[in-house]
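Subject: Handing over the two-chain model

Hi,

Here is the model I promised to pass on to you. Please load it first, and then read my notes below alongside it.

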Number of protein chains: 2
Amino acid sequence: MTEPAFIAIDWGASQLKAFLCQPDGVQPKVLASASGPGVAAARGQFRVTLLEAVGDWLRQDPALVVYMAGHITSSLGWYQTRYLNTPCLPQALLPELVQGQCPDMALWLSTGLRCALPEGGHDVMRGEEVQLLGLLQLAPELRFGRRLVCLPGTHTKWVWLEDGQIRHFRTSMTGELYALLTQHSVLLQQAENSGDFCTESFIRGCQQMRGTAGLHWLHQLFTVRTEQLFSGLTPQQASAYLSGILVGADVQGWQVNEPCASEDCDVVLAGNSQLNFCYREALQLAGFKVRTFDITDATLAGFGWLAREQRCAGIVAAQVVSDGVCQLG
Amino acid sequence: MTEPAFIAIDWGASQLKAFLCQPDGVQPKVLASASGPGVAAARGQFRVTLLEAVGDWLRQDPALVVYMAGHITSSLGWYQTRYLNTPCLPQALLPELVQGQCPDMALWLSTGLRCALPEGGHDVMRGEEVQLLGLLQLAPELRFGRRLVCLPGTHTKWVWLEDGQIRHFRTSMTGELYALLTQHSVLLQQAENSGDFCTESFIRGCQQMRGTAGLHWLHQLFTVRTEQLFSGLTPQQASAYLSGILVGADVQGWQVNEPCASEDCDVVLAGNSQLNFCYREALQLAGFKVRTFDITDATLAGFGWLAREQRCAGIVAAQVVSDGVCQLG
């Protein structure tokens, strides 16, 4: 008998991604996919937004179980789930799944992760924990030894794994800052989403940030404008150059602040194809070897594992989040 | 016989500030003032926006001469004027004044300044050159020796003066980034413009950026969120903390990248009262002595000098910018 299909939802700050999945080994088969606005744009209309993305699938099969992770479970989201503290195995997410009290569907939510940073303070993730779980399914050899994982995105995560445990991680604002600066700043005046990506400009941006020059990043950012004024950079080249400044700064900053990061470590990189390309270039420039994975593969493998294991274990929700203890859209 | 009144306009990226001035020694007396949207918000409606600010004054006295400087004269503005190269004396702005072909008023525009940076590349200013001119009128002793000037704002300028000449300068995106992050980012969810400024949080932000920790600024920015989640920072405290991160990074970055900046130099700081407070705190934390000036005083002293000297010299425009060679709103 085939395992039942399920819905996997990765709802981040900037995008909702929904997948109708058919279990198929480690990597579920995607029968259909949909997207929608991220948490920031959907605020106040979470339920309607979700139903717009997955309503058709549920009408055809009301028994579909829905798994959801990401910023949507944060204090700024819809159903707020708690944080699991690191160090922890990503498999620990399974007994921590929380049922959302939702009239439209059987909805299961991932908890977030929280880590105490070596230098004091904390960091958090929501959504990436499922991706890390999936990565360890896709590449079981990553469950052994110390591993550096970079998950680039709106909020890039730099993660240390040790024998399959998530030890600690740091968030950087790379993707969000790129979006803010391309959409709202005087640095770039024209749309940049047409034509080919200018790798040469990207690499120039990375190089601009090497060494202590990177400490005056508030000034380096302004060179995106002056390079257009005086060096003939087109807006499209300027956006690649800005991307290089940000990704180069992220790689250098992480490398300097992370005493464990040395050049004999490979970095496991899991993003979309464009982000994988950019971070691989910047990491290689900084002397790292890089191994890449597609982030959607990792996400689906993570949700696939949760769906299968939950069904096998016959888990009943230990916690239910409802409109009594959380915001409902 | 009294000197005729004039209008001084500082039209930057984020705000238009207009002053009806009565000459009165170095520092003109302000008879009236008005404000309006900055260049970014006024694009396509420059003429209407300007007339909304100063139309009443011109109806009462059509002979008023209007002096204008700032981002409005840039490639993103209304009348585009050229750049004067550094090193130059700010007094060199006088013969470089350009007449705007405007049917509504006698309009004179300042040129911008451009400098070649020691490390390669260029930097630019538009508007601050008039403020520097004014500073040297307000404090003639600054015309001698090497002087460090910081003009904090949307685009903070760090300027080296040598015997009254502007040698070179660097722009940093401090104010613009603060505005982008408080208005559009997930870091801060609530308005922060109520109540008292939390100096303690500001200083914590500055300290967070000292040393190489500042190199991973993309991560440090994210602590604005985690400090709210786990250290009880209120949104208002968090905005002061973010301000500290940015101003602290600006001061440290400038200090590291500017080989001439040593702690036996005083820094001349000219901003509004809030920015003067913040930058003074951060500069003192970094070991600098600071002398402050009010930026409006400097702006008006600069325009006042130009108006008086132009009238005395009976200068006729060498250049006229019109709709043939520039954009007209």
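Predicted model: local features only at pLDDT ≥ 70, side-chain atom pairs only at ≥ 80, totals over all residues.

Residues are numbered from 1 along each chain as its sequence is written, chains are lettered from A and ligands numbered from 1 in the order in which they are written, and side-chain values use heavy atoms, with hydrogens and water left out.

**The two chains**

Contact here means heavy atoms within 4.5 Å.

**Strands in chain A**

Helices (H or I, at least four residues) and strands (E, at least two) are DSSP runs, numbered from the N terminus; two strands pair if DSSP finds at least two bridges between them.

Five strands of chain A form an open sheet with mixed pairing, in the order S12-S11-S10-S13-S14. S12 (165-172) and S14 (289-294) stand at its edges with a single partner strand each, so one side of each has no neighbour in the sheet. From one strand to the next the twist averages 25°. S13(A) (residues 266-271) runs parallel to S14(A), and six bridges join them; A:Leu269 has A:Thr292 as its bridge partner in S14(A). Helix H8 (residues 273-285) packs on the sheet, where it touches S10, S11, S13 and S14 of chain A, and its direction makes about 160° with that of S13(A). H7(A) lies across S10, S11, S12 and S13, at about 35° to S11(A).

Elsewhere in chain A, S7 (residues 106-109) pairs with S4 (residues 65-69) in the parallel sense over four bridges, with A:Leu109 as the partner of A:Met68. S7(A) is also joined to S6 (residues 98-100) by three bridges, running antiparallel. A hairpin of five residues connects S6(A) to S7(A), and A:Gln99 stands opposite A:Trp108.

**Helix pairs**

Axes are lines fitted to C-alpha atoms, for helices over the stretch in contact, and angles run from 0 to 180 degrees between N-to-C directions.

In chain A, H5 (residues 199-208) packs against H7 (residues 235-257) at about 35°, with the axes 6 Å apart. Residues in this contact include A:Phe202 and A:Arg204 of H5(A) and A:Tyr241 and A:Ile245 of H7(A). By class, the contact has six nonpolar, seven polar and one charged residues (Ala, Val, Leu, Ile, Met, Phe, Trp, Tyr, Cys and Pro count as nonpolar, Asp, Glu, Lys and Arg as charged, and the others, Gly among them, as polar).

In chain B, H6 (residues 217-230) and H7 (residues 235-257) pack at about 160°, with their axes 10 Å apart. H6(B) and H7(B) are therefore roughly antiparallel (angles over 145 degrees count as such). Their contact has eight nonpolar, three polar and one charged residues.

Best wishes

Technical notes
Parallel < 35°, antiparallel > 145°, perpendicular 65-115°, else oblique.
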